[in-house]
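Subject: Structure handover

Hello,

Here is the structure I promised to pass on. Please open it and keep it beside you while you read my notes below.

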Amino acid sequence: MHCLHVLGGGLPIGSVLLIKEDKFTGYAKLLLKYFISQGIASENELLVVGDGVENMCDGLMWLSEDKDGDDKEKSTSKENEDDRMAIAWRYKKLGKFESGIPTGRGIPSMTLSKQLSKTDASRPFCNTFDLTRTIPEAIVRDASLSLLDINDIIKGSGDTRLYDQILQKIRTMVKEKGLSNVEASNAREQVNTLRIGIESIDSPGWPPQRPGEVFKFFHALRGLLRSSNAAAVITISAHLYSDDSQDVVRRIEHMSDAVIELDSFAARPETADTPYCQDYHGLFYVHKLPVINSLLSPSTKLSILLGSGHSNLGFKLRRKKFSIETFHLPPEGGVSERRTGPDKQKGTGETESKIAGKVTSVGCGSLPGKTDLYEF
Amino acid sequence: MGYGTLDSVLSFERSNVPPSGSLILITDTLSSEGNFLIHHFIANHLKENRHVVLVGFNQTLSHYQAIGKKLGIDLSQEKSKSLFSFIDGLTSFYCSNDTSQSTADTDASSISQSSSPIEDNLRKFYVMVKEVVAEHPVGSAVSLVIDDLSTLLFAGIQVEAVLRFVKNCRLLIEKNGGSLTLLVHGDDILMHDINYELFVKSLMYQSEYILSTRGLSSGYSRDVSGDITIARGPRNNDTSYRTASWHYKTLDNNVQFFAKGHSAGI
């Protein structure tokens, strides 16, 4: 999962990742889907909470199988390397420029729970998913996937204490599956991990709660997760809050362990048709990195993108994958063919004389041979 | 370099321990968390064999222990020497009104009671703090460190109640001759809420030292974690004190402070 590459190869156990959703586009939802798919692939326990969660778990992406695509890419890049640089030959030793993360790179597993890596070291933490493939139904049926639709909670026990119900559900899941770190400290061998995905928390589809309830949920969730073998990814429609009430979101951000934001170019007319729109679909911000049990976030060292000191990240959605890369502006003037330049049909001598002729006849004017209205 | 730079600017009379009865306020923002200051003050106290009570609303004890080790103090050892106590405000704060304990009949009453049960919690919590402080020997100058007081306000407790809590804590500390260290969030966005602004400003007014960290306006940087201002609070009469403003960089077991633009990485 490319999103976790940014955080340094994974989400630490016991932490909460908050994703501030993009406006109009569903890229944040896609990230959450990646998280769920990865959970199914790693055979983790899963809990998905949201308004209409069945839709969310419909058509999840599945493991990419063809390695050929990557190989092809690699072989072509090799060919390119063989191209000799005739003029800028000094740059050759600088190596190939990479703005993203090379595919198939080993993922550092230090940030993730160590007991997991011991039990099944062969299983990768982050699989590569193919967006064109959907998850086989049999696998979804076999996965220990629990869905919690908020509409069912409301039907069951009314609008109030919604967050308590969700917490209660998580608490019982942790207890039933024996995921608590406190109780299961002596039986370390086969502790699974619970992945909690909450889609668009406190969005208009959710029943309105008293102010402060969402924050309390985050506070209690952190307390609960710290002592259990679980991690949560929560998306929030932060753009729905007006500028004056952004403080509500900020409070929650303070209570989350990691905060990322997706800012889609399609959200604003100013950015919707800019030249860089073709290359990226939006900007990717990292507001907070998970810092558990250390002064310095391990992500700053482990993350390939952040480690290089880049703070400007962009994302793009390709046919098969969602990728986060260092954002670059395209060359000024566009990447299309240059329109000015010497005419190749004619000999150089001729053009030179023609230009010289132009200069003498035109002076400061705009067109040769014509007296311009503003000529002086 | 390192934390020593901070100590030399603060230049407390008694070896890096804040003067008795003083309040040190740390304000931070999302992009530049002020936790490293909390850990530093705890370590400083314990290195001088001073009693510390830490109230953690934000993190678990293991988090503080792990960082303490990196800063050269073993919190569990200090705990067994009864120099250090930890009050868990993260997992235990809501316990009294958890759904797991309370049954469905509280459901109806919770609407009419509005936010008062949580303020009850705060009152109970203060009693707990008082008891823990009392466990330390009389006159042992216990210092109280509260990691993230903002949490209380965000959880819906009224400003007055939180300020009363701070005042009570302060009285408790002054009796013992210790100091009070508080962390609050000071993001500009949070100040949109006038109550929150009132809260932070009244804390500032009461404090002897104000340490504020802010992220760089240019965004994330590998070489500079943020900037920090170490100012004298209104209650501090030390006129010779000079406000310092630096950039800092968090390392694994230390924090470097340097004049702006003098990062080693530049």
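Start with one term: two residues are in contact if their C-beta atoms, placed from the backbone, lie within 7 Å. This is a predicted model, in which local features need pLDDT of at least 70, side-chain atom pairs count only at pLDDT 80 or more, and totals for chains, interfaces and linings use all residues. Residues are numbered from 1 along each chain as its sequence is written, while chains are lettered from A and ligands numbered from 1 in the order in which they are written.

**Phe93(B)**

Look at Phe93(B) in the loop between strand 3 (84-88) and helix 5 of chain B. Helices (H or I, at least four residues) and strands (E, at least two) are DSSP runs, numbered from the N terminus. Setting aside neighbours within four places in sequence, Phe93(B) is in contact with Phe57(B), Asn121(B) and Phe125(B). Its C-alpha lies 9.5 Å from that of Lys124(B), 31 residues apart along the chain.

Is Phe93(B) buried or exposed? A residue is buried if 20 or more other C-beta atoms lie within 10 Å of its own, exposed if 12 or fewer, and partly exposed in between. Phe93(B) has 23 such neighbours, so it counts as buried.

**Helix 2 of chain B**

This helix has 13 residues and reaches 18 Å from its first C-alpha to its last. That is close to the 18 Å expected at 1.5 Å a residue (1.5 Å times one less than the number of residues). Twelve of its 13 residues are buried, including Phe36(B), His40(B) and Leu46(B). Just after the helix, Asn49(B) takes a positive phi of about 60°.

**Where the chains meet**

35 residues of chain B are in contact with 32 residues of chain A. On the chain B side, helix 2 (35-47), helix 3 (61-70), helix 5 (106-112) and helix 7 (150-154) each supply at least two residues. Helix 3 of chain B gives the most, with five. This side divides into 13 nonpolar, 16 polar and six charged residues. Here Ala, Val, Leu, Ile, Met, Phe, Trp, Tyr, Cys and Pro count as nonpolar, Asp, Glu, Lys and Arg as charged, and the others, Gly among them, as polar.

**Chain A**

Chain A comes to 14 helices and eleven strands. Buried residues make up 39% of its 376 residues.

Which way do helix 9 (residues 213-226) and helix 10 (residues 246-255) of chain A run relative to each other? They pack at an angle of about 5°, with their axes 9 Å apart. Axes are lines fitted to C-alpha atoms, for helices over the stretch in contact, and angles run from 0 to 180 degrees between N-to-C directions. The two helices are therefore roughly parallel (under 35 degrees; over 145 is roughly antiparallel, 65 to 115 roughly perpendicular and the rest oblique). Among the residues that make the contact are Phe218(A) of helix 9 and Ile252(A) of helix 10.

Helix 8 (residues 162-176) of chain A packs against helix 9 of chain A at about 10°, with axes 10 Å apart. That makes this pair roughly parallel as well. By class, the contact has seven nonpolar, no polar and three charged residues.

Best wishes
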